[in-house]
Amino acid sequence: AALVTIVGFVIAMFVARMISKPVQKLNTRLSSISEGGGDLTARLEVRTKEELGTMARLFNGFVDHIAAIIKVVQNNSNKLFHSTAEIDMAMTQANDSINMISGDIHQIIDGIHTTTSVIQQTNAGIEELTVSAGHINE
């Protein structure tokens with residue numbers, strides 16, 4: 001009975017070591033990944049097809065999915081940055097065009113004022129001529 005107990009104890013220790021060693025490796029690797037600044041290239045080793053191997057495969061798939069999402073976000077962020085730069089350039093060009101148009105409008109207004117002044121002077125001259133012509137006819 002003592003021999004059976006000793007053999008049972010040795011087998012239990014062997015089985016416990018077989019179970020705990022992969023769990024410890026898994027914990028160490030997960031800790032390394034989580035403390036490694038979010039390194040999405042790090043993966044867990046998949047050596048078995050049992051529960052721990054399945055967990056490692058699922059974790060690796062999860063990290064692959066997160067990495068793909070981050071890549072899409074980075075690409076969209078780059079596109080947004082370039083679009084913003086293009087919009088900024090277009091706004092600058094539009095502002096320059098508006099300033100040019102405003103300058104042209106001011107020139108037209110100045111021209112209208114000059115033309116109005118010339119027309120008023122011409123009208124005054126015509127009135128003087130009319131008055132003078134009226135005096136000559138008398």
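Analyst: The radius of gyration is taken over C-alpha atoms, and the globule rule used for comparison is 2.2 Å times the number of residues to the power 0.38. By that rule a compact globule of 138 residues would have a radius of gyration near 14 Å, whereas the chain has 45 Å. This is a predicted model, in which local features need pLDDT of at least 70 and side-chain atom pairs count only at pLDDT 80 or more, while totals for chains, interfaces and linings use all residues. Residues are numbered from 1 along each chain as its sequence is written, and side-chain values use heavy atoms, with hydrogens and water left out.

The C-alpha trace spans about 160 × 20 × 15 Å along its principal axes. The chain holds 2 helices and 0 strands, these being DSSP runs numbered from the N terminus (helices H or I, at least four residues; strands E, at least two). Of its 138 residues, 7% count as buried, where buried means under 20% relative accessible area, exposed over 50%, and partly exposed in between (1.4 Å probe, protein chains only).

Against that background, N60 has its place in helix 2, which covers residues 51-137. N60 is buried because its relative accessible area is 10%. Leaving aside residues up to four places away in sequence, N60 touches R43, L44 and V46, a contact meaning heavy atoms within 4.5 Å. For the chain, among contacts with a separation of 6 or more, 29% are between residues 24 or more positions apart.
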